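This report describes one protein chain in plain terms. Please look at the sequence and the structure before reading on.

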Amino acid sequence: GLPRMKAYDIIQSISLKVINEDSNFKDAALNDARISKYLTKKELEEIFKPYTYLRNINKIYKRLGLYKVI
């Protein structure tokens, strides 16, 4: 529901704020009103879980003939 460039601008502004303030990106994203218009806190928490992106890692390594990682 948000144009890609608008989403990029929001994430970029949060990133710059985090860098300048030496704070935590996840916390900043969870507390950003612009993001909460589109995603719930539960949805954001899910986005920040590394397992979401690594869940198929063993299948990938198995296909490559490599050892089990997780």
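Helices here are DSSP runs of H or I with at least four residues, strands are runs of E with at least two, and both are numbered from the N terminus. Ser-15, for example, has its place in helix α1.

## Basis of the model

This is a predicted model, in which local features need pLDDT of at least 70 and side-chain atom pairs count only at pLDDT 80 or more, while totals for chains, interfaces and linings use all residues. Residues are numbered from 1 along each chain as its sequence is written, and side-chain values use heavy atoms, with hydrogens and water left out.

## Overall form

The protein has six helices and zero strands. Along the sequence this gives the pattern α-α-α-α-α-α.

The radius of gyration of the protein is 16 Å, whereas a compact globule of 70 residues would have a value near 11 Å. That radius is taken over C-alpha atoms, and the globule rule is 2.2 Å times the number of residues to the power 0.38. Along the principal axes, the C-alpha atoms fill a box of roughly 45 × 30 × 25 Å.

A contact means heavy atoms within 4.5 Å. Of the contacts between residues at least 6 apart in sequence, 12% join residues at least 24 apart.

## Surface and charge

The protein exposes about 6000 Å², and carbon and sulfur atoms supply 58% of this area. Accessible areas come from the Shrake-Rupley method with a 1.4 Å probe; for residues, only the protein chains shown count as cover. A residue is called buried under 20% relative accessible area, exposed over 50%, and partly exposed in between (1.4 Å probe, protein chains only). Buried residues make up 13% of the 70 residues.

There are 14 positive and 8 negative charges, and their mean positions are 11 Å apart. Lys and Arg count as positive and Asp and Glu as negative, while His and the chain ends are not counted. The place of a charge is taken as NZ of Lys, CZ of Arg, CG of Asp or CD of Glu.

## The nonpolar core

In soluble globular proteins, nonpolar side chains tend to be buried together. A nonpolar core is here a set of buried Ala, Val, Leu, Ile, Met, Phe, Trp, Tyr and Cys residues joined through side-chain atoms within 4.5 Å. The largest such core in this protein has seven residues: Ile-10, Ile-14, Val-18, Ala-29, Leu-30, Ile-35 and Leu-44. Helix α1 gives the most, with three residues.

Val-18 belongs to this core. Leaving aside residues up to four places away in sequence, Val-18 touches Ser-23, Asn-24, Phe-25 and Ala-28.

Ser-15 is partly exposed, with 26% relative accessibility. Its C-alpha atom is 9.9 Å from that of Lys-26, eleven residues apart along the chain.

Asp-22 lies in the loop between α1 and α2. Asp-22 has a positive phi of about 50°, although it is not a glycine. With a relative accessible area of 73%, Asp-22 is exposed.

## Residues further along the chain

Arg-34 is in helix α3 (residues 33-36) and is partly exposed at 32% relative accessibility. Arg-34 and Ile-11 are 23 residues apart in sequence, with 9.8 Å between their C-alpha atoms. Not counting residues up to four places away in sequence, Arg-34 touches Ile-10, Ser-13 and Ile-14.

Phe-48 is found in the loop between α4 (41-47) and α5. Its relative accessible area is 30%, so Phe-48 counts as partly exposed. The C-alpha atoms of Phe-48 and Lys-26 are 7.3 Å apart in space, and the two residues are 22 apart in sequence. With residues up to four places away in sequence not counted, Phe-48 touches Phe-25, Lys-26 and Ala-29. Tyr-51 lies in helix α5 (residues 51-54) and is exposed, with a relative accessible area of 56%.
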